[in-house]
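Please consult the sequence and the model shown below.

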Amino acid sequence: MKTKLLVLITLCTVGASYAQSPINSFYVDDNAEFAVVTSSTEINQTASGPNQVWNFDQLLQLGTSNYLKTVPTAVEISTFPNTNNVIVSTFTAATTSSSQMFVKDVASVISITGLRAAGLELNFTNNATLGTFPMNYGFTNTDQVAGNYVYDTFSGTFTGNIVTSVDAYGTLYRNVGGIPNSNATRLKTVISISLNYGFLTNVGTITQTTYSYYQDPNVSSDGLLFRTATTEALVALAGIDQTDVSIESYIGTTLNIESENFIANQIQIAPNPINNLLNINTIENIAIRSIAIFDSTGRNVLIRETNEKSIDVSQLQKGIYVAQITTNKGVITKKIIKE
């Protein structure tokens, strides 16, 4: 129960000197890919308010996660009433697992109706409402939740609440991900539930605190760049007494082959071989978000968060490189030769 329950609760919280930008959407683009990471130093997120500086520069990648939004089936709507969207997440690290979050989205008011993974199901009969998107700094919402859970031979009810707040904005740096320095607005979500089993009440508690960092201009439909979730679970009946931390850092949006070929043909590096400037030519509706350059060993030798189409590369040695170009349409790689 431990692993599956923590994974499912994590799904529930998926959004001056520095500009504060709204959090536009609850969703990310289909096939948005995140690095599943850990940090060699503790990530401190206790401070809130304007003009924060978040320096997450000790991240190590463990695997990847991928998200896809689908339409619910008739059976899913029957099981989780009022659902009109399903978010399917796939986590790949040592093993691969998939989970589903069921969402009620009415006039951009987002509520969670259910969560499901192998062997475990949570049904929010009293839906968990996050609030109305877009959200701005200072927003806060508290909603009572209740429902039923099933895990293998265990089943029962739960009650609790979910507190959502846009509590900070500032500048975000991360050493894993395509965009290292970004203006970011932070969404904090705290969900606390108490479990009941049969005639036994409050047999366990689960509290999860999630911080989600969003960027403007957007790199995906909602601009989600970075997310941490800390889950504290105490369920004696199931032998659970632990704290679990998950961290994800946005990499890019994976395109299908047809889309990738189409976008790749709309982005050209000319001239190539290059000398001291890397010049990128794009069609009008493609906007550059960042550019990263890797040498023949795969080492990152240059990265710029910019919408400029001309980059100074005079510091690079002669040789063959790969340019990773992140755009509003996805991520494209191009081979370049430095003379």
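Ala107 counts as exposed because its relative accessibility is 68%, where exposed means over 50% relative accessible area, buried under 20% and partly exposed in between (1.4 Å probe, protein chains only). Ala107 is placed in the loop between strand S5 (96–106) and strand S6 (109–117); strands (E, at least two residues) and helices (H or I, at least four residues) are DSSP runs, numbered from the N terminus. The model is predicted, with local features needing pLDDT of at least 70, side-chain atom pairs counting only at pLDDT 80 or more, and totals for chains, interfaces and linings using all residues. Residues are numbered from 1 along each chain as its sequence is written, and side-chain values use heavy atoms, with hydrogens and water left out.

Most residues other than glycine have a negative phi, and most peptide bonds are trans. The table lists departures from this pattern.

| Site | Feature | Value |
|---|---|---|
| Ala107 | positive phi | near 55° |
| Asn202 | positive phi | near 50° |
| Phe133 and Pro134 | cis peptide bond | omega about 5° |
| Asn272 and Pro273 | cis peptide bond | omega about 20° |

Asn202 belongs to strand S11 (residues 200–215) and is partly exposed, with a relative accessible area of 47%. Pro134 is found in the loop between strand S7 (120–132) and strand S8 (140–151).

Pro273 lies in the loop between S14 and S15. Asn276 lies between strand S14 (267–269) and strand S15 (277–282), in the loop; at 38% relative accessibility, Asn276 is partly exposed. Which residues does Asn276 contact, leaving aside its neighbours within four places in sequence? They are Ile311, Asp312, Val313, Ser314 and Lys338, contact meaning heavy atoms within 4.5 Å. The C-alpha atoms of Asn276 and Ser314 are separated by 4.3 Å, although these residues are 38 residues apart along the chain.
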